[in-house]
Amino acid sequence: MSIETISLSGRKKQVSNKEMTFWERMYLVAIVKGLIITIQHLFKRKVTIQYPEQVRERSSVYRGQHMLKRDEEGRENCTACGLCALSCPAEAITMKAEERRADEKHLYREEKYASIYEINMLRCIFCGLCEEACPKDAIYLTTSKVLVPSSYEREDFIFGKDKLVMPLEMAMKNAQLKNAN
């Protein structure tokens, strides 16, 4: 079996170098087809929205701002396993794991926690793979309409735990809603 006949994807095609006809060389047919498509678009309904007055509907699979969850006692769920950083195709997540001290039991659930957890929002593509890879359900992408505030400084786009960890009040409200259901 020669290397020319092997096709791993099964989509290998033989390309022929056939001579073009007179009409194909003139490109008139291609130009007319392009003009027909352009004229058809002139009569279609416009998709422009008037932003402040009208708000575009979000998709059901919309992924917004990242957030690190807390449990009902206010402790962080993240155990610094690093699966979210490994699954990130853009390599936007960096973390540093540390051992929990005895006086930090009220802050972290497990013996290991992420002392540094950063997401570079300039690299993030909001794919949601970090959310799917997390075994502790510690990170998720919210449905918030606010994504990343604009800035001129690169450092402002690196979100640390100060911007990512769920506020304590929100964690307590979530716990009350769970208990009510």
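Why does Gln54 count as partly exposed? Gln54 has 39% relative accessibility, so it falls in the partly exposed class. The classes are: buried, under 20% relative accessible area; exposed, over 50%; partly exposed, in between (1.4 Å probe, protein chains only).

Before moving on, note what is on screen. This is a predicted model, in which local features need pLDDT of at least 70 and side-chain atom pairs count only at pLDDT 80 or more, while totals for chains, interfaces and linings use all residues. Residues are numbered from 1 along each chain as its sequence is written, and side-chain values use heavy atoms, with hydrogens and water left out.

**Stop 1**

Helices (H or I, at least four residues) and strands (E, at least two) are DSSP runs, numbered from the N terminus. Gln54 and Leu177 are 123 residues apart in sequence, and their C-alpha atoms are 32 Å apart in space.

Select Lys46 next. The loop between H2 and E1 holds Lys46 too. Lys46 has a relative accessible area of 56%, so it is exposed. Draw a C-alpha distance from Lys46 to Met166: it reads 40 Å, for residues 120 apart along the chain.

**Stop 1: the sheet**

Select E2, E3 and E5. These 3 strands form an open sheet in the order E2-E3-E5, with antiparallel pairing. Strand E2 (93-99) and strand E5 (158-159) are the edges; each has a single partner strand, so one side of each has no neighbour in the sheet. Two strands pair if DSSP finds at least two bridges between them.

Zoom in on E2 and E3. Their antiparallel pairing runs over 7 bridges.

Move across to E5. Strand E3 (residues 112-120) pairs with E5 in the antiparallel sense over 2 bridges. Select Asn120; its bridge partner in E5 is Ile158. Then select Ile119, which stands opposite Phe159 in E5.

**Stop 2**

**Stop 3: the cavities**

How many cavities of 30 Å³ or more does the structure hold? There are 2. On a 1 Å grid over the protein atoms alone, a cavity is a set of points where a 1.4 Å probe fits but cannot get out; a pocket is an open set with protein on both sides within 12 Å along at least five of seven lines; lining residues have an atom within 4 Å of a point. Grid points are joined across faces, edges and corners, and a volume is the space filled by probe spheres set on the points.

The largest cavity has a volume of about 90 Å³. Select Cys78, Cys81, Cys84, Cys134 and Ala138, the closest to its centre of the 14 lining residues. The lining has 11 nonpolar, 2 polar and 1 charged residues. Here Ala, Val, Leu, Ile, Met, Phe, Trp, Tyr, Cys and Pro count as nonpolar, Asp, Glu, Lys and Arg as charged, and the others, Gly among them, as polar.

The second largest cavity contains about 70 Å³ of space. Its lining includes His66, Cys84, Ile93, Ile119 and Phe126. By class, that lining has 10 nonpolar, 2 polar and no charged residues.

**Stop 4: the cysteines**

Show the cysteine sulfurs. With a disulfide defined as a pair of cysteine sulfur atoms within 2.5 Å, the count is 0. Cys84 is in no disulfide; its nearest cysteine sulfur, in Cys78, is 6.2 Å away. Cys84 is buried, at 7% relative accessibility. For Cys134, the closest cysteine sulfur is in Cys81, 5.8 Å away and too far for a bond. Cys134 is buried as well, at 18% relative accessibility.

**Stop 5: the largest pocket**

Finish with Lys69, Arg70, Asp71, Asn174 and Lys178. Of the 13 residues lining the largest pocket, these are the closest to its centre. The pocket has a volume of about 200 Å³. Its lining divides into 3 nonpolar, 2 polar and 8 charged residues.
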